[in-house]
Amino acid sequence: MKKNIIFDVGEVLLSYRWQDAVKDGGFTDEDSNAVIESLFKDPIWHEGGSLTLVN
C-alpha cells in the first residue's frame with residue numbers, strides 16, 4: 001500500500017522535462033501545441049501551488 005506522494009517541484013529528485021515528454025508522445029505538431037497550451041501554459045501553474053479538490 002502506498003502511503004506517500006512526493007511532489008518534486010524543485011527538481012531535486014527528477015528532472016522536469018515536460019517538453020521532451022510531449023515531443024516523445026507521438027503527437028502531431030498541432031496536438032503537441034494543444035497539449036502544451038492546455039496543460040503546461042495554463043494559469044493554474046502560476047498560482048503558487050494552490051490546489052482545490054472538488055468531489
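## Ground rules

The model is predicted, so local features need pLDDT of at least 70 and side-chain atom pairs count only at pLDDT 80 or more, while totals for chains, interfaces and linings use all residues. Residues are numbered from 1 along each chain as its sequence is written, and side-chain values use heavy atoms, with hydrogens and water left out.

## The overall picture

Let's start with the whole chain. It has two helices and zero strands. Here helices (H or I, at least four residues) and strands (E, at least two) are DSSP runs, numbered from the N terminus.

Of the 55 residues, 11% count as buried. Buried means under 20% relative accessible area, exposed means over 50%, and partly exposed is in between (1.4 Å probe, protein chains only). The chain's accessible surface is about 5,600 Å², and 55% of that belongs to carbon and sulfur atoms. These areas come from the Shrake-Rupley method with a 1.4 Å probe; for residues, only the protein chains shown count as cover.

Helix α2 takes in residues 29-40, which makes 12 residues. (The expected span is 1.5 Å times one less than the number of residues.)

Which residues of α2 are buried? They are Ser-32, Val-35, Ile-36 and Phe-40. They cover an arc of only 100° around the axis, so they sit on the same side of α2. That arc is taken from the directions from the helix axis to the C-beta atoms. Part of their cover comes from α1 (18-23).

Take Ser-32 as an example: it counts as buried because its relative accessibility is 10%. Leaving out residues up to four places away in sequence, Ser-32 touches Val-22 and Phe-27, where contact means heavy atoms within 4.5 Å.

## A nonpolar patch outside

Now for the surface. Ile-6, Val-12, Leu-13 and Leu-14 form a nonpolar patch there, with about 490 Å² of accessible area together. Patches use residues with over 30% relative accessible area and no salt bridge; like charges are joined within 9 Å, and nonpolar side chains (Val, Leu, Ile, Met, Phe, Trp, Tyr) within 5 Å. Val-12, in the segment before α1, is exposed, with a relative accessible area of 71%.

## Salt bridges

How many salt bridges are there? The count is two, where a salt bridge is a side-chain nitrogen of Lys or Arg within 4 Å of a carboxyl oxygen of Asp or Glu.

Asp-20 pairs with Arg-17, their closest N and O atoms being 3.1 Å apart. Asp-20 is partly exposed at 30% relative accessibility, whereas Arg-17 is exposed at 53%. Lys-41 and Glu-37 make another salt bridge (3.9 Å, N to O), and Glu-37 is partly exposed at 48% relative accessibility.
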